[in-house]
Amino acid sequence: MQFEDFSAYITFDRNQWSKLAASTELPLTEADINRLKTMGDRIGVREADAIYRPLAALMQMYARNIGRLFIESKQFLGFDEVRVPWIVGIGGSVSVGKSTAARLLRELLSRWPDTSRVALITTDGFLYPNEVLEERGLMQRKGFPESYDRRALLEFLAAVKSGKRNLQVPVYDHVTYNIVPGKFITVDQPDILIVEGLNVLQPSRSIDGDEFSAVSDFFDFSIYLDAPEEALEQWYIDRFLTLRSTAFSNENSYFRAYAALNDDEAVATARRIWETINLPNLRHNIAPTRSRATVILTKSSDHTVEKVEVRKL
C-alpha cells in the first residue's frame, strides 16, 4: 500500500489489491462473466476475482455502514422515513468497459444478503431523441453533456433519493441509435441503484439560467474507469470492426452503411469518429472528472486493471 503526500487517494497496485480478495467469496462463474461482459471487453473470472471481488466487498462495507447510520440517526432524530437507495455512479470514456463493470458489480452486490435488490440504469436513456438533437444541431455531439436531458436525469435521481416508487427511465436502443418511444425501465426502491454513463461525475452546471445540482451530488459512491488514450482509441476501433459485421448489418441499424466498408475504410472511419467526437469529449468533459470519484480503476493496454485508487475517508 502506497500513501502519497498531498493525495486524496490510497493507491494499490494490482497485486496489493488482489490480495484483498482472500476475505470474500466470488459467486460468479466463467459463464456468468461471458453473459455479462460487453463487446470488446477481455475479462474473465481471473480479472473479476482480482479486481471486482474486492471492490464489491468494499462497496458492501460502505453500504452496510450507511445503513447503520440511517438506523441510528432515525432513532436519534425521531423521524419516520423509509431508507432510500444507495446510489453508485460509474463514469469513464467510450470503450473503457463501463457497461461490463456495472453489470459485474450488479451481480456481485446482489449476492450479498443486505443488498439483494440492485438496479442498473445507463444515462443513455436520458439522451435527447435524435429528432431533438438534429433540431439543435447536436447529432455530432451525441454523448457530450449538452446532448442529455439533464433536467430529467436530475429529477429522476431526486425522486429516487426521495423514496418514490415505480420510477420510469427511458430505454435507449444502440441499434437504432435512438430513444425507444413508449419503452421504459422501472426502478422501484432497490437497495442499490447503479448509474452508468460518460459524464456522470461532472460538477454542477446551469440549465436555462438556473443553477442545478450535479448528478454526482446524488451519489453515495462513485467509480471512474481510466485508461491511456491510445488504448481507448484502439479498443474503440476494434469494437467498431466487430460491430461492422454484427450490429451494423442489422437492417434497422442507424449505422447500416458502415457494414459495407472494407477493413481500411472501417479503421479510417472509426479513427475519424474517435478523433472528432469521442476524444474531444474525453479530454474536455470526462477525464477532468476523474478526481471526483471514490474509486479509480486504471487499465493497461491489455484491458487488465493495473492500479486501484481509493479516496481516503
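**Close-up views of salt bridges and a strand pair**

**View 1. Arg-141 and Glu-146 form a salt bridge.** Glu-146 is partly exposed, with a relative accessible area of 27% (buried means under 20%, exposed over 50%, partly exposed in between, for a 1.4 Å probe and protein chains only). The model is predicted: local features need pLDDT of at least 70, side-chain atom pairs count only at pLDDT 80 or more, and totals for chains, interfaces and linings use all residues. Residues are numbered from 1 along each chain as its sequence is written, and side-chain values use heavy atoms, leaving out hydrogens and water.

**View 2. The side chains of Glu-107 and Arg-111 meet in a salt bridge.** The N to O distance is 3.1 Å. Glu-107 is buried, at 14% relative accessible area, whereas Arg-111 is partly exposed, at 38%.

**View 3. A salt bridge links Arg-244 with Asp-263.** Arg-244 belongs to helix H7 and Asp-263 to helix H8, so the pair ties together parts 19 residues apart in sequence (helices, H or I of at least four residues, and strands, E of at least two, are DSSP runs numbered from the N terminus). The closest N and O atoms lie 2.7 Å apart. Arg-244 counts as buried at 15% relative accessibility, and Asp-263 as partly exposed at 49%.

**View 4. Strand E2 pairs with strand E12 in the antiparallel sense.** The pairing of E2 with E12 (residues 305–311) runs over 5 bridges (two strands pair if DSSP finds at least two bridges between them). Phe-12 stands opposite Val-308 in E12. Of the 5 residues of E2 (residues 9–13), 4 are buried, so the strand is largely enclosed by the rest of the structure.

Key
Salt bridge = Lys/Arg side-chain N within 4 Å of Asp/Glu carboxyl O.
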